[in-house]
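Biologist: Could you take me through this structure slowly, and set each value against the rule behind its name?

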Amino acid sequence: SSLFLVILNDTLAFTKRTDKRIGITLFLAAFAGVLHWSHISSLFENDRNFSHLSALEREMAFRTEMGLYYSYFKTIIEAPSFFSGIWMIMNDRLTEYPLIINTLKRFNLYPEVVLASWYRLYISIMDSLGIHTKTCWTVNRGDGLSAVESCEGLGDPASFYVSMVFILNGLMMALFFIYGTYLSGSRLGGLVTVLCFFFNHGECTRVMWTPPLRESFSYPFLVLQMLLVTHILRTSNVGRGSLIALCVSNVFFMQ
């Protein structure tokens with residue numbers, strides 16, 4: 001019985017040490033994710049002064065195809081209902097007039113559909129709780145320019161859209177840290193991975209300049225794919241959960 005107690009104590013001690021190591025790794029990964037989210041948010045704000053623009057100016061800040069993608073998000077959230085918004089983008093007669101095309105399939109608008117559903121749900125919940133989702137004020141820009149109303153908060157559609165993209169790419173950096181740690185077997189490897197990404201930030205991503213592009217949504221799932229594939233190749237007995245996770249990440253990556 002004494003031998004059993006010794007083995008049990010050793011097992012519990014090892015489990016506690018393992019849980020502590022995992023906890024520290026996840027904490028550092030979360031810190032890297034928050035740091036990247038803050039960095040790209042600041043770069044975007046400093047470049048566009050996004051928080052001080054009017055609603056129209058924010059939409060104009062989405063240049064080229066970025067504005068096209070955002071316009072479909074706006075169509076869904078302004079529709080009488082979520083499903084009527086989906087019907088409108090699946091039977092679009094404006095983009096290639098006079099043709100009626102399914103823009104959901106043509107332009108891979110599944111991220112906009114997901115974000116629009118989240119936005120409508122968020123606004124619905126906040127309204128039912130009586131919580132304000134945005135703060136508006138008048139910005140006097142001087143030099144003979146007219147004053148404009150500017151709103152901040154997730155209740156503003158453009159701010160919500162951009163914030164969700166930046167949060168997703170913050171999670172991407174957390175995945176990079178976990179991936180580097182897993183490959184090297186040391187948290188130092190994860191730290192080096194994150195540092196190398198930040199050192200070559202302009203070559204690694206352009207999400208801070210072009211949030212609505214498809215790559216801004218797919219890049220994090222590419223990193224998740226690499227992590228899962230590495231885990232599957234290293235594991236002798238692959239669990240069903242790993243394979244399902246890989247399939248799901250593939251679907252999200254392609255969308």
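Modeller: The largest pocket holds about 360 Å³ of space, and of its 16 lining residues the closest to the centre are Val 114, Leu 168, Phe 217, Phe 221 and Phe 252. This is a predicted model, in which local features need pLDDT of at least 70 and side-chain atom pairs count only at pLDDT 80 or more, while totals for chains, interfaces and linings use all residues. Residues are numbered from 1 along each chain as its sequence is written, and side-chain values use heavy atoms, with hydrogens and water left out.

Biologist: What makes a space a pocket and not a cavity?

Modeller: On a 1 Å grid over the protein atoms alone, a cavity is a set of points where a 1.4 Å probe fits but cannot get out, whereas a pocket is an open set with protein on both sides within 12 Å along at least five of seven lines, and lining residues have an atom within 4 Å of a point. The volume is the space filled by probe spheres set on the points, which are joined across faces, edges and corners.

Biologist: Which helix supplies the largest share of the lining of the largest pocket?

Modeller: That share, five residues, comes from H6, and H6 (110–129), H7 (157–184), H10 (214–234) and H11 (240–254) each supply at least two residues. Such helices are DSSP runs (H or I, at least four residues), numbered from the N terminus.

Biologist: Why are H3 and H4 called oblique to each other?

Modeller: Helix H3 (residues 65–78) and helix H4 (residues 82–90) pack at about 140 degrees, with their axes 7 Å apart. Angles under 35 degrees count as roughly parallel, over 145 as roughly antiparallel, 65 to 115 as roughly perpendicular and the rest as oblique, and H3 and H4 are therefore oblique. Their contact (heavy atoms within 4.5 Å) is made by Tyr 72, Thr 75 and Ile 76 of H3 and Phe 82, Gly 85, Ile 86, Met 88 and Ile 89 of H4.

Technical notes: Axes fitted to C-alpha atoms, helices over the stretch in contact; angles between N-to-C directions.
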